[in-house]
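Have a look at the structure first, then come back for the details.

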Amino acid sequence: MNATRPAAVGPRDSARAGGRRALGFLADLSQSLAVSLDLRETLGPALARIMDFMHAEGASLFLLDAATKLLECKICAGPVDIVGLKLEVGQGVVGRAVAENAPQRSDDARRDARVNARVDAETGFVTRTLLCVPLATAQGPIGALEIINRRDGGAFDDDDAEILRLIAAPMALAINNARLALEVAEQQRIRREMALARSIQKSLLPRRRRGRFPLIGVNLPAHEISGDFYDYFDLADGRLAFFIGDISGKGLDAAFLMVRVASLLRWSGRAAPAPAAWLREANVELCETLQNGRFVCAVVGIYDHRTRTAVIANAGFPPALLDHGTRFEEMPADGPPLGIIKEAEYGERTIDLGAAALYLFSDGATDVREGVRARLGAEGLRELIRRYARLAPEPRLRALIGELKRRRLVDDTTLLLLQEPRGSEVRELLALRFPADPREMRRVRAELRTALDGEDVAPELRDRLVLVVDEACTNIMRHAYCGGESGTIALRMTRERDMLGFELRDEAPCVDASRIKPRDLSECRAGGLGVAFIDATMDAWHIEGVPGGRGNRLLMRKYIPAKTESEP
Amino acid sequence: MNANECTSETLGDYVLVRLRGEVDLSWSQQVRRAILDALGDTGKVGVELSEVSYIDSSGIAALVEGFQSARSHNQKFGLVAVSAAVMAVLQLARLDRVFPIFADLDAARAA
């Protein structure tokens, strides 16, 4: 073709001049590739320049598709356009260059079995000589760069191979960089979209209601989005309808389905059907529309707070757990999951909630992993519930979620807690202010005893509490009001549900709370028993200085079981 | 309600310190003095506690001090007829197995 142009690197060049030219070209090429991360913009012109520099009639660039493991021609320069041509690794000169990660040369393409004759046959172009080098990266070749037919009619030589190998390096680098940049951008885009999906999903969950509302739910997705759902809404007759569910499988499609199923259940629950009928209706609908073996586990229920009864129906969901305070009652599923058997019938059960707590939890809650060990399991979850049973529903649920998060969530986790809020008013049982003088304590103890007897606190526990409050008061006299300072102590005893609170205030200089620690009772010695008594008796206590450097506040709490047993 | 009272009774070589009422910080120093005085007089001292309806940690400290002083001087020291209220606090302080405790005066003197 264009044989009149001087060869880029030919026998007429001195080796030195040729090398200098090649280096100059490499520098220009690298620079032009660095202009943009958009390969469509940079690679085409670069390939044309390479073809010209190498004095070839044509050039093409093949890239390896990581997914299909096929080499595909992405760009061509010269008279023949084979963009889109796909080769297997190892197939043809290009395939071999990649397979062997080494340059391939064909000096007589027409007689070379490696060369694919089909292209020439289809295009009419005659391929005489070929040189192909892999686009090498640290992770292996990502494609190949091929040039065809030296314009002077000769064959490509070892120098050409070496120069092309050098030229391929910045191309491989540019392609790799662009791909990485694309991956990062893609990841960021996906992350943004997932965050958006998560916020939309969250907005579908019911708002937590303030005040004395008996239901609280929480949803913890194992990943950004969740296949779990729960909802509750008021019925026209004043009752409360609720449901919780879990779509089989994970990921985006489960999340989409969750939206649909939740609105279906909400829609069909509006008319306040009996829970069994509610499930039956949803099941028929889902059997007709669910695909790919998907199914839905769910519990639906209606709660009447006037009678404190709930009616629930369970479709393949983990057993409902009713905490009576002293024992757990487990209520297994009343029928199969939704979306499997169109004719399925569901039972329902009435729960006399009273003061008990009803827990509904998706299996994510029990699938939580304890380190690398086994699942938390139903037993482990009960233990956790037991541990936090004393807390009010909301902090209890928060504590449970905290425990689950501290372990490893492997599945979406959703908890719904139905419990009538207990009387949460704080009653004052005793309020005294007296001089910080030990002679006052006999009277104070008598008043404490009377107040505790009024609360039906068992005598042994009463005496312990009196002792501990006495110890706290005399500690204030001895240590806070030290050096003969006079002042007063204010004692306030309160009760909030099953929790007794003892608050002691003084006007002494602030004490260093960090230095007040219980001593080890196993050593026999006279001092420091008071704090040890407090620590051994109270469920919680702490001391804090009143801002301003004067005055301390000691707060102690003791849980007393509803039915006073002989404790401690 | 018992009035607070601390009396010492000498029975041959045995001194019995008898406490009554509620032993607390307001007079536990007096109890401590009485116990240490008794140990100054004789080698065998008991503290009678059947009429004690309350004792706080300062009262317990007085007993511990008497016990430790007796031990370092090879004297005998025990608690006699411990009331339930005192026993509960001794248990809480894990001292119920530290003190020699006797059901009555005869057992204490015979020891």
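First, some housekeeping. This is a predicted model, in which local features need pLDDT of at least 70 and side-chain atom pairs count only at pLDDT 80 or more, while totals for chains, interfaces and linings use all residues. Residues are numbered from 1 along each chain as its sequence is written, chains are lettered from A and ligands numbered from 1 in the order in which they are written, and side-chain values use heavy atoms, with hydrogens and water left out.

**Confidence**

Chain A has a mean pLDDT of 85, and 93% of its residues reach 70 or more; pLDDT is the predictor's confidence in each residue, from 0 to 100. Residues 1-9 of chain A fall below 50, and beyond near neighbours in sequence this stretch has 20 contacts in the model (a contact means heavy atoms within 4.5 Å). Residues 564-568 of chain A are also below 50, with 13 contacts beyond near neighbours in sequence. Where pLDDT is low, the predicted coordinates should not be read in detail.

**Where the chains meet**

Chain A puts 23 residues into the contact and chain B puts in 22. About 1900 Å² is buried between chain A and chain B, with carbon and sulfur atoms giving 62% of that area. Buried area here is the accessible area (1.4 Å probe) that two parts lose on being put together, summed over both.

How many salt bridges are there between chain A and chain B? The count is 3, where a salt bridge is a side-chain nitrogen of Lys or Arg within 4 Å of a carboxyl oxygen of Asp or Glu. One salt bridge joins B:Glu22 to A:Arg442, with the closest N and O atoms 3.9 Å apart. Both B:Glu22 and A:Arg442 belong to a salt-bridge network that also takes in A:Arg445, A:Asp470 and B:Asp24.

**Salt bridges within the chains**

Over all chains, the whole structure has 43 salt bridges. Among them are these:

| Pair | N to O distance |
|---|---|
| A:Asp107 and A:Arg105 | 3.3 Å |
| A:Arg462 and A:Asp463 | 3.0 Å |
| B:Glu48 and B:Arg18 | 4.0 Å |

Strands (E, at least two residues) and helices (H or I, at least four) are DSSP runs, numbered from the N terminus.

B:Glu48 counts as buried because its relative accessibility is 9%, whereas B:Arg18, at 28%, is partly exposed. Buried means under 20% relative accessible area, exposed over 50%, and partly exposed in between (1.4 Å probe, protein chains only). A:Arg462 is buried at 16%, while A:Asp463 is partly exposed at 35%.

**A nonpolar patch**

A:Leu196, A:Ile200, A:Leu204 and A:Val259 make a nonpolar surface patch of about 340 Å². Patch residues have over 30% relative accessible area and no salt bridge, with like charges joined within 9 Å and nonpolar side chains (Val, Leu, Ile, Met, Phe, Trp, Tyr) within 5 Å; accessible areas come from the Shrake-Rupley method with a 1.4 Å probe, and for residues only the protein chains shown count as cover. Helix 5 (residues 158-204) of chain A supplies the largest share, 3 residues. A:Val259 sits in helix 6 (residues 252-269) of chain A.

A:Lys69 isn't a glycine, yet has a positive phi of about 60°. A:Lys69 lies in the loop between strand 1 (56-64) and strand 2 (70-77) of chain A, and is exposed at 54%. A:Ala272, likewise no glycine, has a positive phi of about 55°.
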